[in-house]
Amino acid sequence: MDLMTSKRIDQLDALTKCPVCGSARSQALGGRKNRKVFFACGSTFYCHPGAPIGSMLPCPAPTDTAATLLELEIVERDHLALAKAGAA
């Protein structure tokens, strides 16, 4: 195994929380040649020989945040429209 793969696997092994949302690590699979690390939020990171660390399943936190912000925009526009209608 090459040195960079070893360092990448060490980096994944050191993760105890999702680097995006902070949810707990739930499982790690593989050996010193490859590794998959799973988190409670559903995200999965992996490393294979000669390849950079990758994401098999992204953390849903940014998408959930974006959906919440979109909903807040609608609510705010609705409140502004009601306020304008009431002032007229």
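Let's start at Met56. Leaving out residues up to four places away in sequence, Met56 touches Lys36, Thr44 and Tyr46. Contact here means heavy atoms within 4.5 Å.

A word on the model. It is predicted, so local features need pLDDT of at least 70 and side-chain atom pairs count only at pLDDT 80 or more, while totals for chains, interfaces and linings use all residues. Residues are numbered from 1 along each chain as its sequence is written, and side-chain values use heavy atoms, with hydrogens and water left out.

Back to Met56. This residue sits in strand β4, residues 54-57. The cut-offs: buried is under 20% relative accessible area, exposed is over 50%, partly exposed is in between, with a 1.4 Å probe and protein chains only. From Met56 to Phe38 is 18 residues along the chain, and their C-alpha atoms are separated by 9.6 Å.

Now Ser26. It lies in strand β1, residues 25-30. Ser26 is exposed, at 53% relative accessible area. Its contacts, again not counting residues up to four places away, are Phe38, Phe39 and Ala40. Leu80 is another matter: Ser26 and Leu80 are 54 residues apart in sequence and 44 Å apart in space, C-alpha to C-alpha.

Phe39 brings us to the rings. How many aromatic pairs does the structure hold? One. It joins Phe39 and Phe45: ring centres 6.0 Å apart, planes at 80°, so the pair is edge-to-face. For the terms, rings of Phe, Tyr and Trp (its six-membered ring) pair if their centres lie within 6.5 Å; planes under 30 degrees apart are stacked, over 60 edge-to-face, the rest tilted. Phe39 and Phe45 are both buried.

Next, the whole chain. It has two helices and four strands. From the N terminus, the order is α-β-β-β-β-α. The radius of gyration is 21 Å, well over the 12 Å that the globule rule gives for 88 residues, so the chain is more spread out than a compact globule. That radius is over C-alpha atoms, and the rule is 2.2 Å times the number of residues to the power 0.38. Helices (H or I, at least four residues) and strands (E, at least two) are DSSP runs, numbered from the N terminus.

The C-alpha trace spans about 75 × 20 × 15 Å along its principal axes. Buried residues make up 18% of the 88. Of the contacts with a separation of 6 or more, 30% come from residues 24 or more positions apart.
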